[in-house]
Structure formats: structure tokens, C-alpha cells
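Subject: Model handed over

Hello,

Please find the structure below. My notes on it follow.

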Amino acid sequence: MPTSAFGKIVDAQVSRRSVLAAMGVGGLAAALAACSGPATGDNLKNNQKTDVDWANVVPAKEITWWSNHPGTSKEIEEGLIAKFTAETGIAVKLVTAGANYDEVAQRFQAASGTDSLPDLVIASDVWWFRYFLNGQIMPLDSVFDYLKADTADFNTTLFNDYEFEGSHYAAPYARSTPLFYYNKDVFKKAGLPDRGPATWAEFEEWAPKLAAVLPSDGAPLGMGVGTSWSAWWMSNIMWGRGASWSKDWTVTLDTPEAIEAGEWVRALYNDNKFASIGNDTQADFAAGFFGCFLGSTGSLKGILDAANFEVGAAFLPDGPVGPGVPTGGTGLAIPSSRTPEQQLAAAQFLSFLTNAENTAEFSKGTGYMPVRSSAMTGETMTKLYQEIPLYKTAVEQLETKTRTQDWVRVFVPSGDQILTEGIEQIILKNTPAKDAFAAITPRLEQAYKENVEPYL
């Protein structure tokens, strides 16, 4: 179950469901629409319609799926499509709709209201709710009930990430948390134990030893930057120091704890040289330039394939206050404007993709977490845990360390992007955290005041 930075159990859904319900979905829909295309009350009513009699619908014979192939999974996705088509006769056209979640989302937003929409689309942690508010995606519960998709078998936390007022608007697909990956050979050479550091303070003690055995152009730790990434991994550091990006809708970057967390990151890169973004953190780690790096669980298979050394994986380190790990990754959603025939075929495919057997195969091939409880303890994953214990690390971290994300990152329009720009100022330009946070705080507050507050 998710835990707070103080180690207390928290409800991973309380912020999303309770507050948004209290503020009124129609008002926030119009608010977020300012940054993501038109949204109206009618749109929201349309995407919440559940009165289709699916028993009288004949599924379409061909559908289109937009994906960015999380975890370099294109071949896996193509294999799953081939199996589905062989079983059902329904063809699936797989489209590379972007290199990452943001690019897919931007393309999906741009296609809204046109005939160019897909029948199934990637819906990441920072985008699915905007799709919903814009009336772009349909609730899945009715069609999943008709298909007997056994939604009770989904991992509760992962499935309920897409819930609003009792309906689910996406299903978990490529779900992840950040992990601490390390080079076992480098750790051994540096005289360090074969494990990840329990705390960031312990990592600081280890860093000089790692630096001494790495190439001169390397670094003890690799942590990259970019949207949908920087503010994700840095949430761990903020929470572990008792800080947060926001408290409810109030931006909290001026607190001593937040500034201290930002300064710790600034010094890590610029003063101590214990961390670097490199050219490509994952590739640089696999090439031996980093002793360890923070990466997605979905990177596990690629890392194991690329590295010519034994790879270790561990929970993210705790901070002085305690643990705090964000969940992330993506689900899949069905556009509300497609015909019932297309929607039913897409739902059949979505149910197939996420069934126990296929989510286990996807996890095995990528490192993403299996999204069904039965798959987590099933034969495929149990055997995989025995062969490669690293695959179990993400599942165990999900159960013990994770917590819900701060609202300013996932609910305020462009919040993640603005936070990323502040983090990049700290890391790339050595800007004091107080100044970088002071520069982005008004922008976050303006986004809230213009696009959210008037509708509360």
C-alpha cells in the first residue's frame, strides 16, 4: 500500500477523487481546457454515457492503436497484436504516435474533433485526467463488465489511478516506479556492499568511492532531466526531506524543506559532482560511465540487455524524513467519439492486452510491473523472480514505498513542464534553488488562478 514520507499509510485516491468531486468537475474541465483544447459540460456528459447496449454491437474488424512503445516494446506489442488477431479476426494497426507520453498526448489533443483519432491511445499519469475533462475518453466499466474482463483482478492502486466518481477512464498498461539501478562490478571495485543505499545520506558517503573507480568523464550517479521525468524522480527527494511541490492547490516551493531539497540536488550536480545527466543516462550507465542511475522500472529489460556487467536494482533511497516513491507510467484509454463498433473492438483488445497472461509477458519483456494481482504471483512472474530477482523489486516497492503525487504536478495545466524548467535551472545552470523556485512559483500560481481557482 502507498505510504507517505512519514511512513503512514495514505489513500492513493483521496486527493484525486475527493477534492475534484468537491470542486465540481464541470468547472475544472473548463479550466484545464484553456491549455488542452475545447472542453464543455456537454463533452463531459458525452464521455460519461454508459447506456450503450454492448450485446447489440458488432465489433469493428479493424482498429488503430497509438503508442510510444514504452520500454522499447514495439516488437512485444506487435506480437500481442498478432495473437489477438489470430484469436478474434480483428486487425490492429499500431501507430508510433510519438517518442514519449507527451508527444502522444499532444498529437491526440491536436486530433480532437477530427477523423484522425485512434481507437486506443496511451494515457499517462499526467495526461489521462485532462483527456477525461476534455470529454475525449469513455468510461470503461460498462464495456468491461460486458466482456467479463475481471477488473477486480487489476492491482487496486494501479486501476484506481484512473477512477473518477466511480468510473474508470483508462486501464493500467505500462506501469512503473523509479528504481535505483547500480553496477555491481563498480560497487565491488569501490568496496561497497552489493545493495542500493538505504538513504541519500548513505549514497553521499559512497559517492567518493565510486568516483575513484569510474572514468574521469563519468559520475557516481546518473539522473536525467526532461518533462514527465525530472519532477517525477525529484518527488522522492522532496518527500524524503518533508517537502512537496504543493499542499493541495497551494504551491509550497518557498518552504525551508523545499529549498533545502533543491539545494541538495544543486550541490549533488554542481558542487560535489556526484551526479550528472550525461548524454543519455541509461546508455551511459550501460556503457560504464555511471556507477548507478535512477531509471524507470520499464527500463529494466533494456538495461539488462545493454549492460556487459551484472546489474543491481533497489528501492529509491529514503531521505531524512523517510521514504516516498511516486507511481507513474501509462494506461490505455478509448476515445469517446469513436463508434460503438470501434469502441467494443478496442475494449476487446484492451482487455486482451491487460489480461494476466499478457501483462506478465509484457512485464517479462520490458520490466514494467504486471498490472494484475494474479499475474504478480502467477507462474510466469514467479519463475521470472527466481531467474532474475530484480523483477520483483518494483513490485515490492509498489507495496511498501509509494505515495500519491502532488496536485500541482498532475492537475495544474503545464505544472509538470514548469516544475521541470525549474529543476533544469538548478541542475544545468547552477541556479540557487531559492531563486529557481521563486521564478517558477508565480507561473504555477498563475496557471492555478487563471485555470482552476475561478471554477472552485
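V311 in strand 13 is the bridge partner of N183. Strand 7 (residues 178-183) and strand 13 (residues 311-314) are antiparallel and pair over 4 bridges; pairing requires at least two DSSP bridges between two strands. Strands here are DSSP E runs of at least two residues, helices are H or I runs of at least four, and both are numbered from the N terminus.

In a regular strand the side chains alternate between the two faces of the sheet. Strand 13 is covered on both faces, with V311 and A313 buried on one side and G312 and A314 buried on the other. Buried means under 20% relative accessible area, exposed over 50%, and partly exposed in between (1.4 Å probe, protein chains only).

This is a predicted model, in which local features need pLDDT of at least 70, side-chain atom pairs count only at pLDDT 80 or more, and totals for chains, interfaces and linings use all residues. Residues are numbered from 1 along each chain as its sequence is written, and side-chain values use heavy atoms, without hydrogens and water. The mean pLDDT (the predictor's confidence in each residue, from 0 to 100) of the chain is 87, and 88% of its residues reach 70 or more.

D406 lies in the loop between strand 16 (402-403) and helix 20 (407-410). D406 counts as buried because its relative accessibility is 6%. Leaving aside residues up to four places away in sequence, D406 touches W239, S244, W245 and S246, where contact means heavy atoms within 4.5 Å.

Regards
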